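Let's take a quick tour of this model, starting at the surface and ending at the metal sites.

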Amino acid sequence: GSQASLSRFRGALVAGVLGDCVGGEFEGAEEVPMESVLAHLSGLDDETKRTGELEYSDDTAMARCVVQSLLAKTGFDEQDMARRFAKEYSASPGRGYGSGVIQVLKKLSCPRLSDVFQPARDQFNGRGSFGNGGAMRAAPFALAFSDAVDVKRCARLGALLTHSCSLGYNGAILQALAVHYSLQGALRSPQQFINRLIAEMEEVEETEVARKDARILKEAEKPFCERLHRVKELMDKSNISIEEVILQLGNGIAALHSVPTAIFCVLHCLKPLECLPQSYGGLQRTIAFSLALGGDTDTIACMAGAIAGAHYGIETIPPSWIKCCEGAEDADRDAERLHTLYHRMTKDD
Ligand code: F2R
Ligand code: MG
Ligand code: MG
């Protein structure tokens with residue numbers, strides 16, 4: 001599709017929801033045999049095997065709040081977004097939220113709260129969360145703003161409402177940038193795509209705060225850049241095992257151990273893989289491979305799905321998958337509204 005086409009918007013938002021719904025089956029599993037992944041996915045195509053809708057989790061619940069807030073306010077509004085997060089949590093607390101972020105969401109519902117960023121700052125004895133909760137809901141920022149500067153600024157602020165550690169909010173920036181560049185067609189050249197992300201993150205991780213957080217957590221000087229360099233090395237390998245991906249990049253709940261992993265899944269699945277059915281398109285391969293990693297599968301598949309969906313477009317998603325995932329049809333409708341907002345903002349510049 002052409003750059004920033006409606007098909008790419010729909011692909012990004014819908015595939016993010018699918019990754020979350022389909023990935024929920026394996027979240028927390030240590031080992032996931034590829035046969036189990038394929039059996040789970042083939043169940044989506046077979047109406048006789050389906051027992052009901054696959055429900056979305058916190059990843060989609062919060063992304064939906066981001067989307068609705070960006071649309072209602074035609075841009076970023078921290079008060080409105082915080083209110084939506086709190087309201088969504090209190091209406092549906094059983095969506096599998098992280099154990100820390102629940103405290104933030106409860107505090108955000110307090111009408112006397114004057115600074116909506118304060119509850120996030122209080123997390124983990126004032127160090128803030130480095131979980132991937134900011135990143136898992138970051139894709140809509142890339143679908144609302146055409147300028148990378150706005151994407152970075154708003155993805156950061158949106159994440160700061162719950163994640164004040166730079167290793168949390170910088171993961172959200174990286175995820176939003178990956179969707180942003182994918183939407184522009186940058187995955188046509190995988191080397192340029194990864195180089196661009198590294199160049200962006202070099203700047204993002206340049207701050208004193210990021211360096212300090214990395215020192216405290218005993219990470220590399222620029223942790224996301226270091227991981228992206230590992231992604232680049234792995235991309236060049238012809239035969240890479242699931243174990244090596246997990247060892248090098250991680251599959252955990254920290255943004256650092258999941259956002260670069262999701263980016264790798266997309267890059268690795270651009271071409272057919274021996275371990276996956278030849279009938280699968282790139283988007284199906286990306287979701288299947290993300291699930292086979294185990295660990296934080298709903299979130300890795302959600303993030304990889306959004307990046308891949310922005311590249312391949314809505315036409316590559318099997319309609320039967322859309323039908324069995326809660327919230328996928330809503331996402332399809334919302335994508336159209338975001339597309340209008342994105343292009344309206346471009347014209348207004
Ligand atoms: N929470 C889950 N899955 C676990 C089980 C859910 C199960 N289905 C159930 O219902 O019981 N999934 C979701 O959580 C992830 C996003 O989490 P988020 O929003 O980042 O939450 P939080 O609490 O801020 O961080 C997650 C955990 O990371 C550790 N952590 C973060 N910062 C830390 C710090 N500074 N020091 C020490 N630990 C830190 C903590 O263990 C947090 O609880 C997604 O996977 C989503 O799907
Ligand atoms: Mg989840
Ligand atoms: Mg998860």
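Where is F130 found, in terms of the loop and the helices around it? F130 sits in the loop that runs between α7 (123-126) and α8 (139-144). Keep in mind that this is a predicted model.

F130 has a relative accessible area of 39%, so F130 counts as partly exposed, the class between 20% and 50%.

## Magnesium ion (ligand 3)

Now for the metals. Ligand 3, a magnesium ion, is held by E27 (OE), D296 (OD), D298 (OD) and T299 (OG1), at 2.0 to 2.4 Å. Along the chain, these donors follow the spacing E-x268-D-x1-D-T.

The site has six donor atoms, and with angles of 77 to 176° among them it comes out as octahedral. For reference, ideal angles for six octahedral donors are 90 or 180 degrees.

## Magnesium ion (ligand 2)

The magnesium ion (ligand 2) is coordinated by S57 (OG), D58 (OD), D59 (OD) and D298 (OD), at 2.1 to 2.3 Å. Here the donor spacing reads S-D-D-x238-D.

Which residue bridges the two magnesium ions, ligand 3 and ligand 2? That's D298, and the ions lie 3.7 Å apart.

Technical notes
Residues numbered from 1 in each chain as written. Chains lettered and ligands numbered in written order. Predicted model: local features only at pLDDT ≥ 70, side-chain atom pairs only at ≥ 80, totals over all residues. Heavy atoms only, no water. Donors = N, O, S within 2.8 Å, 3.2 Å for Na, K, Ca; no water. Tetrahedral: all angles 85-135°; square planar, octahedral: opposite > 155°, others 65-115°. Helix = DSSP H or I, 4+ residues; strand = E, 2+ residues; numbered from the N terminus. Buried < 20%, exposed > 50% of the residue type's maximum accessible area, 1.4 Å probe, protein only.
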